[in-house]
Structures are given as C-alpha cells and as structure tokens.
Amino acid sequence: MKDSLLALEDRLAQGQDFERLLHPEFFEFGRSGRRWNRAAVLAELSGAGEAPLRSDVQAIELAPDCWLLSWRSLGPRPAWRSSIWQHGAAGWQMRFHQATPIP
C-alpha cells in the first residue's frame, strides 16, 4: 500500500489529478504555517512540479479504508510530511496533509 500511496502523492506533486485525488473536505497545514482548503489548493497549486526526494517513509493502516503516510522531504527546504488517505467511491483521496519544516 505504501508504494501505491506514494505514487498518488507524486501525481499531486507533479500537478496532476488534483480534482480526483483531493477529498471534497481536504485541508492542509502547509510548511509555511498557512492553512489550506481544497479550493485554495486547486486555485494556487495546480502547476506542474516534480516528485520530491524522500526518506523515512512509513505507511500505517488506521482503518480498512484509511491510511496515514509519513515521510521526510529532502532538499533545500526539508520537512516532515504526513497525509491521511481515505478510500471511497471515488477511489483513494487525500483527506489531510501537513508539512512541518525541519530547521
């Protein structure tokens, strides 16, 4: 499951499938400290990017249809990142995401 969810995270990082992959009630606490909702992400972050370099990846099943994915992003602005993925009628969708800067 970990690899499948990482592939979905990569699609989001690359600016693909936001409409399909973000849950209608999605929200995020960004690396900047800003709180984002789905509408703000769709308006601001739909540009193309690239998949991040990662380490310390963990996937934890919270319920049969719900997983917590956490990892450390590497590079010039490292952060601890976590997201909650929920499976429903629309498939796997990110319900929540948080990025915490690493000093």
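Hi everyone, thanks for coming. Please keep in mind throughout that the model is predicted.

Let me start with the general idea. Side chains of opposite charge can pair when their charged atoms come close. In our structure, the count comes to 5 salt bridges. I'll walk you through some of them.

Have a look at aspartate 17 to begin with. Which arginine has its closest N atom 2.5 Å from an O atom of aspartate 17? That's arginine 11, and the two form a salt bridge. Aspartate 17 also meets arginine 20 through their side chains, in a salt bridge with an N to O distance of 3.2 Å.

How accessible are these residues? Arginine 11 has a relative accessible area of 31%, so we call it partly exposed. Aspartate 17 is partly exposed too, at 27%, and arginine 20 falls into that class at 43%.

Now over to the helices. Arginine 38 and glutamate 19 form a salt bridge through their side chains, 3.5 Å from N to O. Arginine 38 sits in helix H3, residues 38-44, and glutamate 19 in helix H2, residues 18-21, so this pair ties together parts of the chain that are 19 residues apart in sequence. Are the two partners buried or exposed? Arginine 38 is buried, with a relative accessible area of 16%, while glutamate 19 is exposed at 56%.

Before we leave the salt bridges, one more point about shared partners: Arg11, Asp17 and Arg20 are joined into one network.

Finally, the arginine I promised you. Arginine 81 belongs to strand S5, which covers residues 79-88. This residue is buried, yet it has no salt bridge.

If you want to explore the surroundings on your screen, leave aside residues up to four places away in sequence, and you'll find arginine 81 touching Arg31, Leu69, Ser70, Trp71, Ser73, His97, Gln98 and Ala99.

That's my tour, and I'm happy to go back to any of these residues with you.

Conventions
Residues are numbered from 1 along each chain as its sequence is written. This is a predicted model: local features need pLDDT of at least 70, side-chain atom pairs count only at pLDDT 80 or more; totals for chains, interfaces and linings use all residues. Side-chain values use heavy atoms; hydrogens and water are left out. A salt bridge is a side-chain nitrogen of Lys or Arg within 4 Å of a carboxyl oxygen of Asp or Glu. Buried means under 20% relative accessible area, exposed over 50%, partly exposed in between (1.4 Å probe, protein chains only). Helices (H or I, at least four residues) and strands (E, at least two) are DSSP runs, numbered from the N terminus. Lys and Arg count as positive and Asp and Glu as negative; His and the chain ends are not counted. Contact means heavy atoms within 4.5 Å.
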